[in-house]
Amino acid sequence: MPPIVAGKHRRKVRFSSSNQPPPTASDPATSQQKRPGTSVKHSKVSSARIMATQELPRAGIPELFTQPPSVQDPLATESSDLQSATIEKCLPFLKGIQSSQQGPFNAHGVPALQRDDHIAYLYDSLEDYPSGFVILDASRPWMSYWGLAGLFMIGEDPTRFRSRLLQTLRPAQNRTGGFGGGHGQISHLAGSYAAVLSLAIVGGEEAFSVIDRHAMWQWLGRLKQADGGFRVCEGGEEDVRGAYCVMAILTLLDLPVELPPNVEARKAGLENLTDGLAQYLSRCQTYEGGISGSPGVEAHGAYAYCALACLALLGPPEETLTRHMNLPLLLSWLSARQYAPEGGFSGRTNKLVDGCYSHWVGGCWPIIQSALDGKPQANGPPSTTVGSLFSREGLTRYILSCCQAKHGGLRDKPGKHPDSYHTCYVLAGLSAMQHYHYRTDRSVTSDRNFASAFSWKSTPIREGNVYEKSDRLEPLHPLFGIPFPRPTNCGSGAKLALCRPTRKRSR
Ligand SMILES: [Zn+2]
């Protein structure tokens, strides 16, 4: 972001003394997935069984979240050592007895959301960065998105950043279509997706008009592959991220579904950007039931979200998911992502819990629930529902007890530094836990394409919560990760998602 005039919310940026960039480069949104068999670093942790500490937990916390797993595999491996060490590190936080935790603690033994500290952290994240963060120059649209989405969820008004955002994104757009991660960089689907989402969050006609939709459409056409998928940039790799980003951009910008003339994919007999896409995603489901980045590699939580959200953008999930995924197998793999006692989600088999999967894995559940609930009703939630398919309490406990950094910002797990990527996606996970997302058969847009993507609604969950009312966040659209589109204040020619969100203060 360029420097701005000092304002009420301008703050000095706080970073760790090492001046090292946050670990975003190794996270799923910005990296390639590890292939099976790749070794992990050696843990120096003892392989001894995890012992229950004698320190008593706060009142109101079920034993499930205060004790080591009742069944432990005696075979010690690098993976099991790391898992044991993680549990030992998390247990004092889960028990509410770790000295760095800030209260107040509620009757369920859960600490309050440190709202003001996180707001300050998010405002900081949109300011200037020290030189050590130069690696993030290729993530400008992402930095914008994480900060803006986080601020929206926590009750701040992100539209105040509109002019700064336009200033940042204008030079990142290429004449040949799409946005680069930084100025002078080639267009990439990840950066373009984050740019479009950021513009949708600040909203308004001016934000919409920044985007060269015709050039964007032609660029997307050049990324289309004969097997139905998309490359993430011209000459780049093809994966599920590309598929999801294309569908989100296509839907939000109301671009033509037809392929532009003279693109390579037309020579393979394809006519539409969506041709063969669902079949491509289907080929990414692995023997475990999860979904990989591309056919034949390891299943991964972030790619699962991308694939499921992409299918739900293509059409009603009760049709697209049931037709193109083995749902029982998917449920089995996805259920295995939530651990006890931690309560959080892991991204892959034999990996550790990580706060960002609160969104990537947690975000899969509303889509699957909608698919299993079947055809939506005209108004309101379905009369019968499969209900929650995971432990909302467990994830809420992990987020509020283990993921809040002492001075603001949210993190992967205890012992890790916070960063804006984790702050955004941990908050997104908490927001999703606090709301029930469902579809009706009425879309806020009557446009011909992808109407079901705009038929989602949200209502707060009021029963059985282990957090306080003051910890409640704003809901995000489950397929886009932006405020829900509203059928007012819209510019002509735009999908309604690009309308200025109506603010509803939650504080
Ligand atoms: Zn993470």
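Predicted model: local features only at pLDDT ≥ 70, side-chain atom pairs only at ≥ 80, totals over all residues.

Trainee: Okay, contacts. What does cysteine 424 touch, leaving out residues up to four places away in sequence?

Mentor: Trp146, Ala149 and Gly150.

Trainee: How far apart are cysteine 424 and glycine 150, in sequence and in space?

Mentor: They're separated by 274 residues in sequence, but C-alpha to C-alpha the gap is 4.8 Å.

Trainee: Which helix does cysteine 424 lie in?

Mentor: Helix α17, which covers residues 420-434.

Trainee: And is cysteine 424 buried or exposed?

Mentor: Buried, because it has 29 C-beta neighbours inside 10 Å and the cut-off for buried is 20 or more.

Trainee: Let me zoom out. How many helices and strands does the chain have?

Mentor: There are 17 helices and two strands. Of the 507 residues in the chain, 51% are buried.

Trainee: What share of the contacts join residues at least 24 apart?

Mentor: 71%, counting contacts between residues at least 6 apart in sequence.

Trainee: Now the strands. How do β1 and β2 run?

Mentor: Antiparallel, with five bridges joining β1 to β2, the strand at residues 456-460.

Trainee: Why is β1 described as largely enclosed?

Mentor: Four of its five residues, within 435-439, are buried, so the rest of the structure largely encloses it.

Trainee: Switching to helix packing. At what angle do α12 and α15 pack?

Mentor: About 95°, with the axes 8 Å apart; α12 is residues 317-324 and α15 is residues 364-373. That angle makes α12 roughly perpendicular to α15.

Trainee: Which residues meet there, between α12 and α15?

Mentor: From α12 you have Pro317, Glu318, Leu321 and Thr322, and from α15 there's Ile367, Ile368, Ser370 and Ala371. By type, that contact has five nonpolar residues, two polar and one charged.

Trainee: Which residues of α12 are buried?

Mentor: Pro317, Thr320, Leu321 and His324. They span an arc of only 90° around the axis, so they sit on the same side of α12.

Trainee: Why would residues a few places apart in a helix point the same way?

Mentor: An α-helix has 3.6 residues a turn, so residues three or four places apart end up pointing the same way.

Trainee: What do the buried residues of α12 pack against?

Mentor: Besides α15, they pack against α10 (277-282), α11 (301-314) and α13 (327-335).

Trainee: And helix α7, which residues are buried there?

Mentor: α7 runs over residues 213-223, and its buried residues are Met216, Trp217, Trp219, Leu220, Gly221, Arg222 and Leu223. They pack against α5 (189-202) and α8 (240-253).

Trainee: Which residues have a positive phi without being a glycine?

Mentor: Aspartate 254, at about 55°, and asparagine 350, at about 65°, are examples. Most residues other than glycine have a negative phi.

Trainee: Where do aspartate 254 and asparagine 350 lie?

Mentor: Aspartate 254 is in the loop between α8 and α9 (264-267), while asparagine 350 is in the loop between α13 and α14.

Trainee: Last one: what's tyrosine 357 in contact with, beyond four places in sequence?

Mentor: Gly301, Arg337, Phe345, Ser346 and Gly347. Tyrosine 357 is found in helix α14 and is buried, with 31 other C-beta atoms within 10 Å. Its C-alpha is also 7.6 Å from that of tyrosine 425, a residue 68 places away in sequence.

Methods
Residues numbered from 1 in each chain as written. Buried ≥ 20, exposed ≤ 12 C-beta atoms within 10 Å, placed from the backbone. Pairing = 2+ DSSP bridges. Contact = placed C-beta atoms within 7 Å. Axes fitted to C-alpha atoms, helices over the stretch in contact; angles between N-to-C directions. Parallel < 35°, antiparallel > 145°, perpendicular 65-115°, else oblique. Nonpolar A, V, L, I, M, F, W, Y, C, P; charged D, E, K, R; others polar. Arc of directions from axis to C-beta.
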